[in-house]
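Please look at how the two chains meet, and keep the sequence at hand while you read the explanation that follows.

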Amino acid sequence: MSQAIKQPRIVKIRENVLKKNDMLARELRKRFQENGVYVVNLVSSPGSGKTTLLTEVLTRLSNKYKTAALVGDLATENDAERLEKSGALVHQITTGTVCHLEAQMIEASLKQWNLAEIDFLFIENVGNLVCPSSYDLGENIRAVLFSTTEGEDKPEKYPTIVNSADVAIITKIDLADAVEFDKERFYESIYKSRPEMKIFEVSAKKDEGIDEWIDFLIKEKNLLGGQSIN
Amino acid sequence: MHELSIAYNLVEIAVETAEQNHLQKVDVLHVKIGVLSGVVKEALEFSFDIAAQGTPIEGAKLVVHEVPLKIFCPNCQKMHVLKKPIPLVCPECRQRTGEIVEGKEIELYSLEGGDVLEPSD
């Protein structure tokens with residue numbers, strides 16, 4: 001039975017549906033800044049090499065900096081186990097059926113750590129090029145990864161996540177020739193949704209471009225006035 | 001599919017707003033979804049019915065208004081609406097631009113409803 005309505009009214013709201021997440025992300029960003037933590041949110045499809053690259057980056061950064069990683073995965077803890085070898089603090093967020101990380105999951109996971117002791121926090125998002133784009137996690141920088149094996153036009157298929165990112169990283173660049181990766185076409189594909197975006201080319205296996213990426217992060221961190229070690 | 005999570009947020013805001021505005025019954029929710037918001041209209045519509053179940057707004061209709069991409073071209077000093085979300089280039093002078101004015105929103109715009117008519121006997 002449907003109820004009749006007397007005097008129908010319209011109530012204007014104009015409210016961001018993800019306001020709750022965004023407000024919490026803003027609080028997190030403030031906490032990170034106060035504690036001198038530089039936060040990187042890594043997004044990509046499954047299998048693009050996020051964990052391999054991150055293991056390498058954490059291992060190198062851990063010589064001079066205190067590093068931590070939050071790893072989102074649907075089911076397993078395999079990624080966390082791989083990352084722990086780097087010497088970084090690692091915590092796995094198992095999302096179950098949720099295809100992305102939300103600010104509230106980050107907040108809950110931070111409880112076990114003293115933020116003042118951390119210089120760099122890497123958030124490895126769930127492997128997915130759609131859903132993570134809408135969720136601000138309080139990060140300083142969002143990096144979207146594409147591997148050479150995924151094809152040069154992949155960024156065009158996911159304009160929302162490319163547009164939401166600050167930098168792009170091409171992984172497995174050592175395989176570029178083998179898979180006839182058209183680099184120019186890839187850059188063009190990125191620029192379609194994010195003109196002038198900074199793009200790094202790396203290979204974790206062959207040690208290419210990793211130091212350049214790390215130097216960039218250190219420079220960005222220092223620009224923000226976080227606590228410097230030197 | 002993150003639309004279900006978005007739908008739960010949507011229902012929560014709608015229920016709160018309806019209460020604050022003394023809307024006893026909500027008939028329609030108007031939502032604005034940008035073409036570059038990452039939200040799929042059909043998936044949100046499907047998710048909304050699930051998220052609204054058992055809440056005071058169960059049975060309300062969700063109307064999704066798609067918002068095209070509007071950019072500002074620094075070269076022409078003008079705003080343009082793009083026919084397609086990408087490439088982000090000015091349709092007049094072909095200048096690339098990352099300045100998005102509209103088209104990324106996920107916004108609950110308005111509620112339609114009112115007080116329930118008491119059945120007269």
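Between chain B and chain A, 18 residue pairs are in polar contact, with both residues at pLDDT 80 or more; a polar contact is a pair of N or O atoms within 3.5 Å, where within protein one must be able to donate a hydrogen and the other to accept it, and residues adjacent in sequence count only if both atoms are side-chain atoms. On the side of chain B that touches chain A, helix H1 (3–20), strand S1 (25–34) and strand S6 (106–116) of chain B are the elements that give two or more residues, and S6(B) supplies the largest share, eleven residues. Helices (H or I, at least four residues) and strands (E, at least two) are DSSP runs, numbered from the N terminus.

This is a predicted model, in which local features need pLDDT of at least 70 and side-chain atom pairs count only at pLDDT 80 or more, while totals for chains, interfaces and linings use all residues, and side-chain values use heavy atoms, with hydrogens and water left out. Residues are numbered from 1 along each chain as its sequence is written, and chains are lettered from A and ligands numbered from 1 in the order in which they are written.

S6(B) is also joined by eight bridges to strand S1 (residues 5–16) of chain A, and the two run antiparallel; strands pair if DSSP finds at least two bridges between them. Within this pairing, A:Lys6 stands opposite B:Asp115 in S6(B).

The rule finds three salt bridges across the interface, a salt bridge being a side-chain nitrogen of Lys or Arg within 4 Å of a carboxyl oxygen of Asp or Glu. The side chains of B:Glu12 and A:Lys20 meet in a salt bridge, at 2.8 Å from N to O.
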